[in-house]
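Have the viewer open as you read.

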Amino acid sequence: MPRTPQENERIRAMAKDKIRAAAIEVFIEKGFHKASIDDVAKKAGISKGLLYNYFKGKTDLLAELVHIRKEEIVQVMEEAVGQASPKEQLHYIAEHALRNVQQQPHVYRFYLHLQTHPEADEVVSAYSQTLKDEMARQAEVQAEIFRKLNAARPEMESLQFSTLLHGIMLMYSTYPDQIPLEELKRDLVTDFINRYS
């Protein structure tokens, strides 16, 4: 019996997810330029020909990974802003960020590596800049949350909040078995947010 269009779309989506996950692992292991499409296909457990049905090559894969990350950032901030109060908005941002790194520490490392890639690498730095630009736009959204909290220096306090979160995320993604994530969230993040009346 032939598959329905919905079944075909679900299979396609699952295959693309598998390829993207494999690409992240291979790009972390070997670096973007040393990684090959063969490496990604092997890691995904599919043929190179099938991979090419979904992506034109490594650069196409990288472009999609960055596009998905941008969409995730925008979605989280939109959902955060939809929370009832500024404090709840900050809690939402923190919860999402820390849960995300807890579930996928290697993905956080991949995007961090991408953002700190040498600028001389024109291929990767173009995608890195796209991601940085989106994060800068969303930093303005977050600074507005701090304005609503009547923060004395909203941009600086927003930056402190982001620095606190990213520090915890970096430590957890590097040493997941040694970092007490829930305790840090309670002692540092919650205390930071609760200092606002």
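## The largest pocket

The lining of the largest pocket splits into 13 nonpolar, 8 polar and 4 charged residues. For these classes, Ala, Val, Leu, Ile, Met, Phe, Trp, Tyr, Cys and Pro are nonpolar, Asp, Glu, Lys and Arg are charged, and the others, Gly among them, are polar. This is a predicted model, where local features need pLDDT of at least 70 and side-chain atom pairs count only at pLDDT 80 or more, while totals for chains, interfaces and linings use all residues. Residues are numbered from 1 along each chain as its sequence is written, and side-chain values use heavy atoms, with hydrogens and water left out.

The pocket holds about 630 Å³ of space. Of its 25 lining residues, Ile 93, Met 135, Gln 142, Ser 162 and His 166 lie nearest the centre. Helices H4 (58–81), H5 (86–103), H7 (122–148) and H8 each supply at least two lining residues, and H8 has the largest share, with 8. Helices here are DSSP runs (H or I, at least four residues), numbered from the N terminus.

On terms: with a 1 Å grid over the protein atoms alone, a pocket is an open set of points with protein on both sides within 12 Å along at least five of seven lines, whereas a cavity is a set where a 1.4 Å probe fits but cannot get out; lining residues have an atom within 4 Å of a point. Points are joined across faces, edges and corners, and a volume is the space filled by probe spheres set on them.

## The second largest pocket

Next comes a pocket of about 280 Å³. It is lined by 13 residues, and those closest to its centre are Ile 24, Ile 68, Glu 72, Gln 104 and Val 107. Helix H1 (5–30), H4 and H6 each give two or more residues to this lining, which by class has 6 nonpolar, 3 polar and 4 charged residues.

## H6 against H8

Helix H6 (residues 105–115) packs on helix H8 (residues 154–174) at about 115 degrees, axes 9 Å apart. (Axes are lines fitted to C-alpha atoms, for helices over the stretch in contact, and angles run from 0 to 180 degrees between N-to-C directions.) From H6, Pro 105, Tyr 108, Arg 109 and Leu 112 meet His 166, Met 169, Leu 170 and Ser 173 of H8, where contact means heavy atoms within 4.5 Å. Those contact residues come out as 5 nonpolar, 2 polar and 1 charged.

Buried or exposed: which is Leu 149? Leu 149, in the loop between H7 and H8, is buried, at 9% relative accessible area. (Buried means under 20%, exposed over 50%, partly exposed in between, using a 1.4 Å probe and protein chains only.) Leaving aside neighbours within four places in sequence, Leu 149 touches Pro 86, Lys 87, Leu 90 and Tyr 196.

In helix H2 (residues 37–44), the buried residues are Ile 37, Asp 39, Val 40, Ala 41 and Ala 44. They pack against H1, helix H3 (48–54) and H4. Just after H2, Gly 45 takes a positive phi of about 75 degrees.
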